[in-house]
Amino acid sequence: MSYQSIRNNIMKNETLFKIIRFFYTPFRVSKEFIARRKMADSIIDANIDMNQQTKKIFYFGVPEHNNLGDIAQTYCTRRWLSENYPEYRVIEGRTRVSFDKKMNDYMKSVISENDIIFFQSGYCTRHNNPDHLMHLHIAKKFPGTKLVVLPQTVKLNDKRDISITKNIFTHCKRLLFITRDSKSREYAKSFVDDERLECFPDIVTSLIGRVPINEKRQGAMLCVRNDDEKFYSDDELITLLGRLKDVYGTVVRTDTNSNKSADEVFHDLQNEILEKVKEFARYECIITDRYHGTIFSLIANTPVIVIKTNDHKVTTALEWFENRFDRHAVQLAQNLDEAYSLALELKMTVPHISNSDSIYIEYYEHKLKMLVDKI
């Protein structure tokens, strides 16, 4: 029996779950404290010469997991920071270290009014999400510092959480909160004032039109998630895969997760991201329910068909691509039958997609820095 199966069985048994949680919690808390402190010590030791005169950026939320979509956000954020703030020292931290008291005390001792705190983009602004809690924790500790929340998918429904978030953010006069779709922006209006709220496409879109592609294409790819956000069952996806094989011959099923650990990916980050893009460029068509599966396809100039998930994250992101690219570049399928029909049409028409760098030019070349500098 797999770990996931054992975990699911325990979760279903309320009494057993309570017993295990009671005995496991002290161990978990101690383990977490040690991990946080180890990270904090490492950051402080690496920046022992830093003081208030040092121009600095703290960048929190760097992923510990191996999802290449999230890691690509870090790659693009690093790239953007180096292009726009070359004179600043960038201090990166994972989510958990932001809660460490020693880390917070160190930040207070060195931070100045010209410094900036950035938060990783993602689907973070949800009730009890660790990154959402991180945003609130740091905002509460550093209300007078420039705070930039990079593009977020927002789905905050808990009234108490909304009230707490609004109260904390109200005291942050130098806050820039960015959503990554219009529906998220509507959610965010319940806790962020309009003048501190912006809407940008995901930062990984800044690579569209900026990566040379020269791969031979054959077959189709099904890039789908396997978690609680997925909408379609495995049986439904397997049926679709079989139908696609009749049309494309070669069809592979994959995900945006890497086979390597996050640390291994970060060790050779640029190459890992470029290799993933090349993988997406080797197919004639991609069907995906992954947010960054869509973006990787566009970077790779591969026609992509988007299928829905259990929330608005993927489908509402498509608003950025309407009337910007060829109509075959990205299409939304209302169901799997339509996804198959669109894939069949792509095979029959053999479109040649060439995506421009218009998103980068409009949002990331100058605009984001202008907004950050103004706060």
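How many residues has helix 13, and how far does helix 13 reach from its first C-alpha to its last? In this predicted model, helix 13 runs over residues 336–349 and has 14 residues, reaching 20 Å from its first C-alpha to its last, which is close to the 20 Å expected at 1.5 Å a residue. At the start of helix 13, a side-chain oxygen of Asn-335 comes to within 3.1 Å of the backbone nitrogen of Asp-337, while just after helix 13 Val-350 takes a positive phi of about 45°.

The buried residues of helix 13 are Leu-336, Ala-339, Tyr-340, Leu-342, Ala-343 and Leu-346. These residues cover an arc of only 165° around the axis, so they lie on the same side of helix 13. The spacing can be read against a general rule: an α-helix has 3.6 residues a turn, so residues three or four places apart point the same way. What covers the buried residues of helix 13 includes helix 8 (234–248), strand 10 (285–288), strand 11 (304–306) and strand 12.

The structure also holds twelve aromatic pairs, and two of them are set out here.

| Aromatic pair | Centre to centre | Angle between planes | Geometry |
|---|---|---|---|
| Phe-200 and Tyr-364 | 5.6 Å | 75° | edge-to-face |
| Trp-320 and Tyr-363 | 5.3 Å | 85° | edge-to-face |

Phe-200 lies in the loop between strand 7 (197–199) and strand 8 (220–223), and Tyr-364 lies in helix 14 (residues 358–364), so this pair ties together parts that are 164 residues apart in sequence. Both Phe-200 and Tyr-364 are buried.

Trp-320, for its part, lies in the loop between helix 12 (313–316) and strand 12 (330–332), and its partner Tyr-363 lies in helix 14, so the pair ties together parts that are 43 residues apart in sequence. Are Trp-320 and Tyr-363 buried or exposed? Trp-320 has a relative accessible area of 10% and is therefore buried, and Tyr-363, at 8% relative accessibility, also counts as buried, because the cut-off for buried is under 20%.

Elsewhere, ring pairs link Trp-80, Tyr-85, Tyr-88 and Phe-118 into a cluster. Arginine side chains also meet aromatic rings: Arg-126 lies over the face of Tyr-123, at 3.9 Å from the ring centre, and Arg-180 lies over the face of Tyr-291, at 4.0 Å from the ring centre.

Note on methods
Residues are numbered from 1 along each chain as its sequence is written. This is a predicted model: local features need pLDDT of at least 70, side-chain atom pairs count only at pLDDT 80 or more; totals for chains, interfaces and linings use all residues. Side-chain values use heavy atoms; hydrogens and water are left out. Rings of Phe, Tyr and Trp (its six-membered ring) pair if their centres lie within 6.5 Å; planes under 30 degrees apart count as stacked, over 60 as edge-to-face and the rest as tilted. Helices (H or I, at least four residues) and strands (E, at least two) are DSSP runs, numbered from the N terminus. Buried means under 20% relative accessible area, exposed over 50%, partly exposed in between (1.4 Å probe, protein chains only). A charge sits over a ring if NZ of Lys or CZ of Arg is within 6 Å of the ring centre and within 35 degrees of the ring normal. The expected span of a helix is 1.5 Å times one less than its number of residues. The arc is that of the directions from the helix axis to the C-beta atoms. Contact means heavy atoms within 4.5 Å. A polar contact is a pair of N or O atoms within 3.5 Å; within protein, one must be able to donate a hydrogen and the other to accept it, and residues adjacent in sequence count only if both atoms are side-chain atoms.
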